[in-house]
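The tour below goes stop by stop, with something to select at each.

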Amino acid sequence: MRNQRTNRRHAPASRRRGVVAILAAVFAVVMVGMAAFAVDLGYMLSVKEELQRTADSAALAACWDYSQQLIDGADSDTAECSARLAAAGYAGSNVVSTEAPALHSNYSNSPAGDLVFGHVSDVYGANVTLDTSGANLFNAVRVKVRRDNTVNGVAPYFFAKVFGKTGQSLEASATAAIVRDIRGFQTTNSGQNIDILPFALDLDTWNGWVAGYGEDKWTYNEHSKTVSAGPDGKLEVNLYPQGTGSPGNRGTVDIGSSNNSTSDINRQILYGVNNDDLSYHGGVLEFNEHGKLYLNGDTGISAGCKDELAAIKGQPRCIPIFSEVNGPGNNAIYTIVKWYGIRIMDVKLTGPMNKKHVTIQAAPLVTSGVVPSTVTGTSSYVYSPVVLLQ
């Protein structure tokens, strides 16, 4: 009886080895399965990251191209077509799972589309709802990049195919936006200067300029960043005070101390307005609830600025547009109602009065520190950098 119990407790070694072999085989299958799952999961996460990177770059490219087309005078339909090509080009320059992805060919601008244009009311806020109802306000683009059965094919599995799974559908989306209407400028966290030229142009001349009154004697070459004589289809006006009446009140506005010296003005011409300048205005230079900003200034432009103005020819700057000015000389108070992006094309501040000029042309300026406006028409040709919203 004792021997029988002992035999039951001590099975033969061969039997024990058989059990271990079976367990090892089972665990090996489990381990291989877990490894296969980990490989496929890691690969899917990598593909998802590549899709997101592609969506980000395509959205940024499309938004900036759309804005540039509008700047150049294109209508919204033409701008959209160009921006779609830009998005497709940037998407195609990325690699997702060894292949350059294509964007879906469905060009519907419905909220569910793969490439949607719209308006975001608060670019720097938490709400990124895209309003697609008014093309004249569009300032944002949402791009979706997919790998599924309709475009680019599903992201393939490696080991899950053993279980009949061929791949997984993945997608990523990104929204990029730009501020098109600004109400002013504020100090920047980076300390970056803001390219405001402290000379004001009257609203009457600006309205005539927009309506088509002006000259076309100069050309700006975008590639060489140089100005040369000859027409380029873009009108110019003279920022220097000429004649009498409102245009004769054009002059320097004080951004910063109300007693800005010529050296202060020249510094702002060359390098822009800094945070210390803005601190004199409480850190922000913006229109009030009535759409007006009052700045002290001085009528006229000093010849002491000619070298600095000539030094920035071709470079984009922002100028204030004033509706009226009250008070004489350096006691003048300018009522600013608009911001406008320009570049200087030619400067002459010596010789006879009727020969003096600071010739300017409309030009897009991208700058930090902008304060978005909820009202359209507060600015033209002045924009924030393109930013990713989600």
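**Stop 1**

Start with an open sheet of three strands, ordered 12-6-18 and paired antiparallel. Its edge strands are strand 12 (284-286) and strand 18 (370-372), each of which pairs on one side only. From one strand to the next, the twist averages 25°. Axes here are lines fitted to C-alpha atoms, for helices over the stretch in contact, with angles from 0 to 180 degrees between N-to-C directions.

Some ground rules before you go on. This is a predicted model, in which local features need pLDDT of at least 70 and side-chain atom pairs count only at pLDDT 80 or more, while totals for chains, interfaces and linings use all residues. Residues are numbered from 1 along each chain as its sequence is written, and side-chain values use heavy atoms, with hydrogens and water left out.

Strands (E, at least two residues) and helices (H or I, at least four) are DSSP runs, numbered from the N terminus. Two strands pair if DSSP finds at least two bridges between them. Strands of a sheet pair through backbone hydrogen bonds, either parallel or antiparallel.

Now select strand 6 (residues 182-186): three bridges join it to strand 18, and the two run antiparallel. Three bridges also join strand 6 to strand 12, again antiparallel. Pick F185. In strand 12, the bridge partner of F185 is L285.

**Stop 2: aromatic pairs**

What kind of aromatic pair do F185 and W339 form? Rings of Phe, Tyr and Trp (its six-membered ring) pair if their centres lie within 6.5 Å; planes under 30 degrees apart count as stacked, over 60 as edge-to-face and the rest as tilted. By this rule there are seven aromatic pairs. F185 and W339 are edge-to-face, at 5.1 Å centre to centre with 80° between the planes. F185 lies in strand 6 and W339 in strand 15 (residues 332-348), so this pair ties together parts 154 residues apart in sequence. F185 and W339 are both buried. Buried means under 20% relative accessible area, exposed over 50%, and partly exposed in between (1.4 Å probe, protein chains only).

Next, select F322 and Y334. This pair is edge-to-face too, with 5.0 Å between centres and 85° between planes. F322 belongs to strand 14 (residues 316-326) and Y334 to strand 15, so the pair ties together parts twelve residues apart in sequence. F322 counts as buried because its relative accessibility is 1%. Y334 is buried as well, at 0%.

Then select W206, W209, Y340 and Y381 together. Ring pairs link these four into a cluster.

**Stop 3: two positive phi values**

Keep Y381 selected. Its phi is positive, about 65°, although Y381 is not a glycine. Most residues other than glycine have a negative phi. Y381 sits in the loop between strand 19 (379-380) and strand 20 (382-383). It counts as partly exposed because its relative accessibility is 23%.

Jump to N152. Here phi is near 70°, another positive value in a residue other than glycine. N152 is in the loop between strand 2 (140-147) and strand 3. At 24% relative accessibility, N152 is partly exposed.

**Stop 4: salt bridges**

How many salt bridges does a search of the whole structure find? It finds ten. A salt bridge is a side-chain nitrogen of Lys or Arg within 4 Å of a carboxyl oxygen of Asp or Glu.

Select K306 and D307. Their side chains meet in a salt bridge at 3.3 Å, N to O. K306 is partly exposed at 31%, while D307 counts as exposed at 52%.

Now show D114, R146 and D148. Salt bridges that share partners join these residues into one network. R146 and D148 meet at 3.0 Å, N to O. Both R146 and D148 are buried.

Move to K217 and E215. Their closest N and O atoms are 3.6 Å apart, in another salt bridge. K217 is partly exposed at 47%, and E215 is partly exposed at 46%.

**Stop 5: a surface patch**

Finish with V39, F158 and F159. They form a nonpolar patch on the surface, with about 280 Å² of accessible area together. Patches are made of residues with over 30% relative accessible area and no salt bridge; like charges are joined within 9 Å, nonpolar side chains (Val, Leu, Ile, Met, Phe, Trp, Tyr) within 5 Å. Accessible areas come from the Shrake-Rupley method with a 1.4 Å probe; for residues, only the protein chains shown count as cover. Zoom in on F158, in the loop between strand 3 (155-156) and strand 4 (167-168). F158 counts as partly exposed because its relative accessibility is 47%.
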